[in-house]
Amino acid sequence: MNAPDTPLFPPRRTPMDVVGWVRYFQLAEIPVQAPTAAAIEDLRANEDAVDARMLAEIIAADPLMTLKLLAYTAALPRHRHATDVETAQQALVLIGITPFFRDFGPQPTIEAHLQGQPEALEGLREVIRRAHRAAKFALGFAVHRFDHDAPVIHEATLLHDFAEMLLWLHAPHLALDITYRQKADPTLRSSVAQRALLGVPLADIQHALMLAWRLPELLVRITDDRQESASQVRNVMLAIRLARHTARSWDNAALPDDVRDIAQLLNMGVAPTEALLHELDS
């Protein structure tokens, strides 16, 4: 992406603090990917043959749809569920197939929402692609560590950057400005650029949104980078680091440090770790 001579998007009044951004995103619709919306409609037409597993496979592949479902489930009266619902399939088992189709009608899509804004759509898709790749790495690490929360770790990694996805959707001019600034200055940290344009880092906005939407406690904890000493948080963080650093190729200068830290997490040697990473990415 190259910075345009004139703004692609008209200036909009946007918040400059956490409280304002939480309200801004809470009031916004969350569209999903077009294939997700289409697949849900296909299943709606054959509702009697649908089970929670079938529907969960579609929803769990889309971080935005997963976010919508978990937020919806968390808002249900507490007597409906004694413990936190941590995955899409658990949410569907709790809600039921018929109530899901009743309460989730045809879904708006990111493609329609960002129609005529190709750079913003591609920016969002890039974040989603990176999230999927990071989630694949994270699941591989968790399985290797025999972590019984592996499905939640996979989901937490997929959702780790959902605030960035929401920014591309609902304030694309700011998301693009952050991208342009970082391309112009590769040493510029994301949090610094975000603070300059949003008034606060996206990580703070996302953490506040997770609390406001009452998302599962384990999910909130695993995605909190400030608790990086915890093995599950490091599992997620290292998977995200690896996905970022290998987005274009496996020649990034930061990779040796990533491999060393992942080897330590997995209690493996560096060479076997490198082989495992390429296998997970194949």
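This is a predicted model: local features need pLDDT of at least 70, side-chain atom pairs count only at pLDDT 80 or more; totals for chains, interfaces and linings use all residues.

Q: OK, and what volume does the largest pocket have?

A: About 2000 Å³. Its lining takes in 47 residues.

Q: Which of those lie nearest the centre?

A: Arg130, Glu164, Gln182, Ser190 and Arg244 lie nearest the centre of the largest pocket.

Q: And which helices supply at least two residues of that lining?

A: Helix 8 (118-144), helix 10 (162-170), helix 11 (172-184), helix 12 (190-198), helix 13 (202-212) and helix 15 (231-245) each do. Helix 8 gives the largest share, with 7 residues.

Q: Switching to cavities: how many of 30 Å³ or more turn up?

A: A search of the whole structure gives 2.

Q: On to packing. How do helix 9 and helix 15 cross?

A: Helix 9 covers residues 150-159, and its axis comes within 10 Å of the axis of helix 15, crossing at roughly 45°. The two helices are therefore oblique to each other.

Q: Left-handed or right-handed?

A: The crossing of helix 9 and helix 15 is right-handed.

Q: Which residues meet there?

A: From helix 9, Ile153, Ala156 and Thr157; from helix 15, Gln232, Asn235, Val236, Ala239 and Ile240. That contact of helix 9 with helix 15 counts 5 nonpolar and 3 polar residues, with no charged ones.

Q: What about helix 10 and helix 13, at what angle do they pack?

A: They pack at about 100°, and their axes are 8 Å apart. Helix 10 and helix 13 are therefore roughly perpendicular to each other.

Q: And the residues making that contact, which are they?

A: Helix 10 brings Phe162, Ala163, Glu164, Leu166 and Leu167, while helix 13 brings Leu202, Gln206, Leu209 and Met210. By class, this contact of helix 10 with helix 13 has 7 nonpolar, 1 polar and 1 charged residues. Glu164 is also one of the residues nearest the centre of the largest pocket.

Q: Last pair: how do helix 10 and helix 11 cross?

A: Their axes come within 5 Å and cross at roughly 115°. Leu167, Trp168, Leu169 and His170 of helix 10 make the contact with Pro172, Ala175, Leu176, Ile178 and Thr179 of helix 11.

Q: How do those residues divide by class?

A: The contact of helix 10 with helix 11 divides into 7 nonpolar and 2 polar residues, with no charged ones.

Definitions and conventions. Residues are numbered from 1 along each chain as its sequence is written. Side-chain values use heavy atoms; hydrogens and water are left out. On a 1 Å grid over the protein atoms alone, a cavity is a set of points where a 1.4 Å probe fits but cannot get out, and a pocket is an open set with protein on both sides within 12 Å along at least five of seven lines; lining residues have an atom within 4 Å of a point. Grid points are joined across faces, edges and corners, and a volume is the space filled by probe spheres set on the points. Helices (H or I, at least four residues) and strands (E, at least two) are DSSP runs, numbered from the N terminus. Axes are lines fitted to C-alpha atoms, for helices over the stretch in contact, and angles run from 0 to 180 degrees between N-to-C directions. Angles under 35 degrees count as roughly parallel, over 145 as roughly antiparallel, 65 to 115 as roughly perpendicular and the rest as oblique. A crossing is left-handed if the near helix is turned anticlockwise from the far one by less than a right angle, and right-handed if clockwise. Contact means heavy atoms within 4.5 Å. Ala, Val, Leu, Ile, Met, Phe, Trp, Tyr, Cys and Pro count as nonpolar, Asp, Glu, Lys and Arg as charged, and the others, Gly among them, as polar.
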